[in-house]
Amino acid sequence: MKFLIVFVVCALFGYNHALKLFGRTQSVGAKGTLMCGSEPLANTIVKLWDDDTIDMDDQMACVRTDAQGNFEIKGWEKEFTTIDPYLKVYHDCNDKTLFGLVEK
């Protein structure tokens, strides 16, 4: 019976709306230190995502590292199934570029 109700809500209002009504809230967190060689990776963006199969991945949180490269990130998502979290780190560590051009 619950499946039928979920199916009808999905058909009428869409998948995301159905999640708000029937999904369960799940949370996850991570902390660590980012380094570029022996130097801390300061002011670096770290994002926490939930990998989704049916729709686009959900960003659960976003933080920046401190001057020592430390970060702590916590996020949550409402899903029918178990969340599949992953981290993305946005950095320029050792990318060998100068103003977007490869050094020669």
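Me: Leaving aside neighbours within four places in sequence, which residues is leucine 41 in contact with?
Reply: This is a predicted model, so take the contacts as computed from it. Leucine 41 belongs to the largest nonpolar core. Beyond its neighbours within four places in sequence, leucine 41 is in contact with Leu34, Met35, Cys36, Thr65, Asp66, Gly69, His91 and Cys93.

Me: Which elements give two or more residues to the largest nonpolar core?
Reply: That core has 11 residues, among them Leu34, Leu41, Val46, Leu48, Met60, Phe71 and Ile83. Strand 4 covers residues 45–50, strand 5 covers 58–64 and strand 6 covers 70–79. The elements giving two or more residues to the core are strand 4, strand 5 and strand 6.

Me: What is the order of the three strands in the open sheet?
Reply: Start with strand 4, which pairs with strand 5 in the antiparallel sense over six bridges. Six bridges also join strand 4 to strand 7, again antiparallel. That gives an open sheet in the order 5-4-7.

Me: Which strands stand at the edges of this sheet?
Reply: Each edge strand has a single partner strand, so one side of each is left without a neighbour in the sheet. Neighbouring strands here are turned by 20° against each other on average, direction ignored. The ones at the edges are strand 5 and strand 7.

Me: In strand 7, what is the bridge partner of tryptophan 49?
Reply: Strand 4 and strand 7 run antiparallel. For tryptophan 49, the bridge partner in strand 7 is tyrosine 86.

Me: Aspartate 50 has no salt bridge, so which side chain of opposite charge is nearest?
Reply: Aspartate 50 is found in strand 4 and is buried. What aspartate 50 touches, not counting residues up to four places away, includes Asp57, Asp58, Glu77, Glu79 and Asp84; its bridge partner in strand 5 is aspartate 58. A salt bridge would need the nitrogen and oxygen within 4 Å, and the nearest side chain of opposite charge is 10 Å away: arginine 24.

Me: Where does the protein have its salt bridge, and what is the distance between the closest N and O atoms?
Reply: Side chains of opposite charge can pair when their charged atoms come close. The count for this protein comes to one salt bridge, formed by lysine 74 with glutamate 72. The closest N and O atoms there are 3.6 Å apart.

Me: What is the phi of asparagine 43?
Reply: Most residues other than glycine have a negative phi. Asparagine 43 lies in the loop between strand 3 and strand 4 and is exposed, with a relative accessible area of 51%. Although asparagine 43 is not a glycine, its phi is positive, at about 55°.

Me: How many helices and strands does the protein have?
Reply: From the N terminus on, the elements run α-α-β-β-β-β-β-β-β-β-β. The secondary structure therefore comes to two helices and nine strands.

How values were computed:
Residues numbered from 1 in each chain as written. Predicted model: local features only at pLDDT ≥ 70, side-chain atom pairs only at ≥ 80, totals over all residues. Heavy atoms only, no water. Helix = DSSP H or I, 4+ residues; strand = E, 2+ residues; numbered from the N terminus. Buried < 20%, exposed > 50% of the residue type's maximum accessible area, 1.4 Å probe, protein only. Lys, Arg positive; Asp, Glu negative; His and termini not counted. Contact = heavy atoms within 4.5 Å. Pairing = 2+ DSSP bridges. Axes fitted to C-alpha atoms, helices over the stretch in contact; angles between N-to-C directions. Core = buried A, V, L, I, M, F, W, Y, C linked by side-chain atoms within 4.5 Å.
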